[in-house]
Number of protein chains: 2
Amino acid sequence: MIGLTERQKLILALVIRDYIETAQPVGSASLVKKYNLDISSATVRNEMVALTEKGYLRQPYTSAGRLPSEDGYRYFVRQLMGHTELPMTTRDTIAHQFYQAGQDVDRWMRLAASVLAHQSQAASLVTAPHPEQARFKHLELISTYGRQVLMVLVLSGGDVRQQMLALAEPVNQEQLSTTANEINESCQGLQADQISGMSGRLDALEQDILKLIVDDMHRSGEMLGGEVYRDGLTHVLAEPEFAEMEVARRAMRILEERALLEDLLSRTVLTANVGGVQVLIGGEGDWEELRECSMVLARYGVPGLATGALGVMGPIRMAYGRTISTVRFVAGLLSDLVVDLHTE
Amino acid sequence: MIGLTERQKLILALVIRDYIETAQPVGSASLVKKYNLDISSATVRNEMVALTEKGYLRQPYTSAGRLPSEDGYRYFVRQLMGHTELPMTTRDTIAHQFYQAGQDVDRWMRLAASVLAHQSQAASLVTAPHPEQARFKHLELISTYGRQVLMVLVLSGGDVRQQMLALAEPVNQEQLSTTANEINESCQGLQADQISGMSGRLDALEQDILKLIVDDMHRSGEMLGGEVYRDGLTHVLAEPEFAEMEVARRAMRILEERALLEDLLSRTVLTANVGGVQVLIGGEGDWEELRECSMVLARYGVPGLATGALGVMGPIRMAYGRTISTVRFVAGLLSDLVVDLHTE
DNA sequence: TTTTAGCACTCTCGATGTGAGAGTGCTAAT
DNA sequence: ATTAGCACTCTCACATCGAGAGTGCTAAAA
């Protein structure tokens, strides 16, 4: 396929810009008038025919205005858009908010979701960072009532997992502490596989607990270990493309159902390198659910140490420039957080 | 206001039942036919006039069918409905699912939200149980990297709070453990106020940490300490009363915005005694947001020990019988969980 | 060869009109 | 007190129609 002339690129960009703004098909005459083009509407029409033939524009029906096709958006995002950045003042404001959140991961996540949703006027998703290769760090066994014991497992990267367990018979706190200390010494810095491969003379209690530890460490390695932070669901509903209830419900299902999200994030975001932002337009691939949606996704964190994912979901008619730069910026901030949490 | 005759009660109940099912105004003739009443449609019409005058029914426009007014629903829920219970088989199925979730609080919460949403075909909300009067149980200080220290605080009832903190200068693990042990001994079983009132010769490190502990304990006492579990948002969108986007967005905002939820749960549910289910029809009081919505709310847990809240939000035209019994049943199950977690 | 004016044609969208249908309220008879 | 009968009301679905925006084509102009 032959590339586009400069004029065609201009017209494509303007159509996309106008359509994103108004949600209405764009006519040749109105385009000329609105942007003071010094070519006639007939010329624009001719170029529009060319762009339509190349598959970048489409018409909702014969002799209506043009609007971008999915390929048109893709071309725009990849070739035309350039690396925009959020304005300095906006970046400062956001960074300041995060600074005020201190080291509280929960607050960071909530704030990230809120900022993403607000800046992009769409729905946002953020997962907490979690270690990719969890290493054992510390175990604590705390007797609560009778045979009930609270097990607190600390993994590298500050990932803490807690669990209640009921012992076969009562064990006092002293015994528990002894057991915990033994395990702490022998498992320090080990990964799940190494621990599960351990044997030697262990009593029943120790074996049970080691098993639980290994399970927990594996679970910590899963894609969506913890909570998924969401925000801006209502923004999506406000868009005219979701006026049809069925469409709106489909979009909401993606955001609501953990299983769908899990699948989505693991399939797409895992492949993208950290720092890079991935743009999914109109559910490329076989994503029935988000045929009417676009997503802008990114991973953040330090590969091999701890990473998380974040993203925005909105209509295909999305302000990609602003959204992508916001996602990139917030991903950067969260990466900094991860670094802070793991280094001195 | 004079009460209703038996026949009026019957007709009111049938209108509500039919309207809940069909979402269409109910006519006198169709009511007689559908439920094989042995009175004529004219009689029903007369009774309907009476019910309308008393404020229990209303007409969307002159000479259309009748539908329940908010007062009608209230009368129904309070006087007419009786204490229905979920069918035995359903209860067993649900209880079994919870049983399989073991002692994992997170799984219980998710399951509770899912069951509520599914049974009531509406949106559900569940908050994790948290102690009302947190008592200090155990503190752990774990050195991670350099001056970064992970503080794990265990409160009565298995509430675990973690936090990263950066010390002014590096402290080794041994020193940290000593400090933690001292605090553990002196604070065992104390409440926040008692700890904040403590003094004596404490070094700077201990004072800092005690301050953090007190803060954390207070935060643990707040209404919505942790995550709010949601499910079934899409069910709400499927209801015809939310076809109008503005209405749908308003409903979603309630579910999305923490601040609104917090306010809602604290104002209403705190006043209800545990075990009792509270029904909010059409946002009684000044709840602009949920004018078109009803909520069925309950607290669960053991007062004074640990409690949580759960509820369902749907259109005013809600299957109150089924929803109320589900909420009551699930609240009971979750209360059992709380008891299990706190006793032998 | 490219651009542009001119013009007929297409298609949507909102306004308007109409008839069927469901339901009421009233009156008079049972 | 109940009911049959009936005129009347109001909505909703459907069809009609004209305005308006926009296209595609042709032929002239640059």
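Chain A has 13 helices and 11 strands, where helices (H or I, at least four residues) and strands (E, at least two) are DSSP runs numbered from the N terminus. The structure is a predicted model, in which local features need pLDDT of at least 70 and side-chain atom pairs count only at pLDDT 80 or more, while totals for chains, interfaces and linings use all residues. Residues are numbered from 1 along each chain as its sequence is written, and chains are lettered from A and ligands numbered from 1 in the order in which they are written.

The radius of gyration of chain A is 26 Å, well over the 20 Å that the globule rule gives for 344 residues, so chain A is more spread out than a compact globule. That radius is taken over C-alpha atoms, and the globule rule is 2.2 Å times the number of residues to the power 0.38. Along the principal axes, the C-alpha atoms of chain A fill a box of roughly 90 × 40 × 35 Å.

Within chain A, helix α1 (residues 6-22) and helix α3 (residues 41-53) pack at an angle of about 90 degrees, their axes lying 10 Å apart. This makes α1(A) roughly perpendicular to α3(A), a term that covers angles of 65 to 115 degrees. To this contact α1(A) brings R7(A), Q8(A), I11(A) and L12(A), and α3(A) brings V44(A), E47(A), M48(A), A50(A) and L51(A); two residues are in contact if their C-beta atoms, placed from the backbone, lie within 7 Å. The residues of this helix contact comprise six nonpolar, one polar and two charged.

The next topic is the relation between the two protein chains.

The contact between the chains takes 33 residues from chain B and 33 residues from chain A. On the side of chain B that touches chain A, the elements giving two or more residues include β5 (136-145), α11 (245-256) and α13 (320-342) of chain B. That side has 15 nonpolar, 10 polar and eight charged residues. The copies meet through the same surface, because 100% of the interface residues of chain B are also interface residues in chain A.

DNA strand C is surrounded by 21 residues, the closest being S40(A), T43(A), G27(B), S28(B) and S63(B); a residue is near a strand if its C-beta atom, placed from the backbone, lies within 6 Å of it. The largest share of this surface, four residues, comes from α3(B). Around DNA strand D there are 20 residues, of which G27(A), S28(A), S63(A), S40(B) and T43(B) are the closest. Here α3(A) gives the largest share, four residues.

Methods
Axes fitted to C-alpha atoms, helices over the stretch in contact; angles between N-to-C directions. Parallel < 35°, antiparallel > 145°, perpendicular 65-115°, else oblique. Nonpolar A, V, L, I, M, F, W, Y, C, P; charged D, E, K, R; others polar.
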